[in-house]
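Hi there,

Here is the structure I promised to pass along. Have a look at it first, and then read on for my notes on the sheet and the helices.

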Amino acid sequence: MAAPGLRLGALRLFEMPAVLERLSRSNSTSQAFAEVLRLPKQQLRKLLYPLQEVERFLAPHGRQDLHLRTFDPSPEDLARADNVFTATERNRIDYVSSAVCIDHAPDLPRPEVCFIGRSNAGKSSLIKALFSLAPEVEVRVSKKPGHTKKMNFFKVGKHFTVVDMKGYGYRAPEDFVDMVETYLKERRGRARNVKRTFLLVDSVVGIQKTDNIAIEMCEEFALPYVIVLTKIDRSSKGHPLKQVLLIQKFVNTKTQGYFPQLFPVSAVTFSGIHLLRCFIASVTGNLD
């Protein structure tokens, strides 16, 4: 799924009548996603490929050392990923359990993806948006920072498990570092359960010093991780681009290369949500 740029997926949007015809002939395409594809092209591009508008700033010519790879799925891949996240009788999507420490975490055989970030970075809101096709799944969202005090586990059919970790930073539990470090080391080492760690960064404030804790852990354990830029609907015009460039500079100078593209998202407008679903389905082996 890795590709040299976002142009391929974006160009497919200009072939949307043909795409719609192909998808309409496929019984696996949901009505909800078919409606998404009927949006005006500019609106559709912002919804499905939000990074495209700043793509030309991300990879300066001649920079072969830039630690950046882009993810460019087709609309058909996006539709298939949406089906993975759609609750049906055969594809049960459920809250499994919560755990205050790794010893209490459920021992599930399927791959895992883990979401970590500062308190109030929007983790619970993002996970709720990812699960919007399974409305019966309860994801608690609080306006108060530090609301998530436990690891919360959600299973997506027989495909994978989503783990919502405690937040760090303001009002974070004192045992955050010990718990997350233990989780990442054990789950990554045992059958390589954790396929990706998603580090959420609030687009309004950018990377903070407390984010270095999580980044250093991922770097130390050589864990594949990506940065998700949240709340892009709240940023003023031009601000998301500024944050993208600052994060790219940080990645290029401070990290060792376990980093693909950014994923700008909004849990309010759903911009980037379909793309993130598709990436999760891909790294957990559900688009093969």
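**The sheet and its helices**

Helix α6 (residues 123-130) lies across β4 (112-117), β6 (160-164), β7 (194-202) and β8 (225-230), and runs at about 145° to β4. Please keep in mind that this is a predicted model.

Those strands belong to an open sheet of 7 strands with mixed pairing, in the order β3-β5-β6-β4-β7-β8-β9. The edges are taken by β3 (93-99) and β9 (263-264); each has a single partner strand, so one side of each has no neighbour in the sheet. For β3, an antiparallel pairing with β5 (residues 151-156) extends over 6 bridges, and Y95 has F154 as its bridge partner in β5.

Now to β4. Its pairing with β6 is parallel, with 4 bridges, and E112 sits opposite T161 of β6. With β7, the pairing of β4 is also parallel, over 6 bridges; here G117 has L200 as its bridge partner. On one face of β4, E112, C114 and I116 are buried, and on the other V113, F115 and G117 are buried. With 6 of its 6 residues buried, β4 is therefore largely enclosed by the rest of the structure.

One helix pair is also worth a look. α5 (residues 75-84) packs against α10 (residues 273-283) at an angle of about 75°, with the axes 8 Å apart, so the two are roughly perpendicular. D77, L78, A81 and D82 of α5 meet H274, L275, R277, C278 and A281 of α10. These contact residues comprise 5 nonpolar, 1 polar and 3 charged.

Best wishes

Terms used
Residues are numbered from 1 along each chain as its sequence is written. This is a predicted model: local features need pLDDT of at least 70, side-chain atom pairs count only at pLDDT 80 or more; totals for chains, interfaces and linings use all residues. Side-chain values use heavy atoms; hydrogens and water are left out. Axes are lines fitted to C-alpha atoms, for helices over the stretch in contact, and angles run from 0 to 180 degrees between N-to-C directions. Angles under 35 degrees count as roughly parallel, over 145 as roughly antiparallel, 65 to 115 as roughly perpendicular and the rest as oblique. Contact means heavy atoms within 4.5 Å. Ala, Val, Leu, Ile, Met, Phe, Trp, Tyr, Cys and Pro count as nonpolar, Asp, Glu, Lys and Arg as charged, and the others, Gly among them, as polar. Two strands pair if DSSP finds at least two bridges between them. Buried means under 20% relative accessible area, exposed over 50%, partly exposed in between (1.4 Å probe, protein chains only).
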